[in-house]
Every structure is written in structure tokens, then in C-alpha cells.
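Welcome! Take a moment to look over the sequence and turn the model around before reading on.

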Amino acid sequence: MVIRDEKGQLHILNLTQQTQLGGQFKVGDKVLAFFSPYGVSAVQSQTGSR
């Protein structure tokens, strides 16, 4: 998954089977990504996106 932060920089999130996805995402959705020492632990939709 590729995301853009609030400064406009792109970041690649390497998702695994252990990553918890909080729904289906499409281009333009605002998301919150949570990290652990082992990588991306969860990605969820940000409420009130767009």
C-alpha cells in the first residue's frame, strides 16, 4: 500500500497477513496506519475522510 503523509511525501507500507485492515480502501481515502516493531500492525479508515 502506498500512502502520502500530511507533508506530501510518499511512503510504502508493506502489509502482511498479520496486518489488520479496517475495511476496503480506494485511492483518495484518508487512513491511519499503526506500526509495531515488527512492521505495519493495522490500517484503518480515518473518520470523516474526504
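Is T19 buried or exposed? T19 counts as buried, because its relative accessibility is 9%, which falls under the 20% limit for that label. Please keep in mind that this is a predicted model.

**Around T19**

You will find T19 in the loop between β2 (10-12) and β3. Two polar contacts involve the side chain of T19. One of its polar atoms lies 3.0 Å from the backbone nitrogen of T16, and the side chain also reaches the backbone oxygen of V40 at 3.1 Å. If neighbours within four places in sequence are left aside, T19 is in contact with V40, S41, A42 and V43.

**Strand β5 and its partners**

Next, follow the chain to strand β5, which covers residues 39-45. Strand β3 (residues 20-22) runs parallel to β5, and three bridges join the two.

The link from β4 to β5 is a hairpin through two residues. Across this pairing, F34 stands opposite A42, while F35 stands opposite V40.

What is the relative accessible area of A42? The value is 12%, so A42 is buried. V40 likewise counts as buried, because its relative accessibility is 12%.

Their contacts, not counting residues up to four places away in sequence, reach several parts of the chain. V40 touches L13, N14, L15, T19, F34 and F35. A42 is in contact with T19, Q20, L32, A33 and F34. T19 is therefore on the list for V40 and on the list for A42, under a contact limit of 4.5 Å between heavy atoms.

The table below gives one C-alpha pair for each of these two residues.

| Pair | Separation in sequence | C-alpha to C-alpha distance |
|---|---|---|
| V40 and L13 | 27 residues | 6.8 Å |
| A42 and Q18 | 24 residues | 8.6 Å |

**The largest pocket**

Now turn to the empty space in the model. Rolling a probe the size of a water molecule over the atoms shows where empty space is left. What is the volume of the largest pocket? The volume is about 410 Å³.

The lining of this pocket is made by 17 residues, and those nearest its centre are I3, R4, D29, K30 and V31. Strands β1 (2-4) and β4 each supply at least two residues of the lining.

**Putting the picture together**

Start at the buried T19, whose side chain reaches the backbone oxygen of V40.

Key: Residues are numbered from 1 along each chain as its sequence is written. This is a predicted model: local features need pLDDT of at least 70, side-chain atom pairs count only at pLDDT 80 or more; totals for chains, interfaces and linings use all residues. Side-chain values use heavy atoms; hydrogens and water are left out. Two strands pair if DSSP finds at least two bridges between them. Helices (H or I, at least four residues) and strands (E, at least two) are DSSP runs, numbered from the N terminus. Buried means under 20% relative accessible area, exposed over 50%, partly exposed in between (1.4 Å probe, protein chains only). A polar contact is a pair of N or O atoms within 3.5 Å; within protein, one must be able to donate a hydrogen and the other to accept it, and residues adjacent in sequence count only if both atoms are side-chain atoms. On a 1 Å grid over the protein atoms alone, a cavity is a set of points where a 1.4 Å probe fits but cannot get out, and a pocket is an open set with protein on both sides within 12 Å along at least five of seven lines; lining residues have an atom within 4 Å of a point. Grid points are joined across faces, edges and corners, and a volume is the space filled by probe spheres set on the points.
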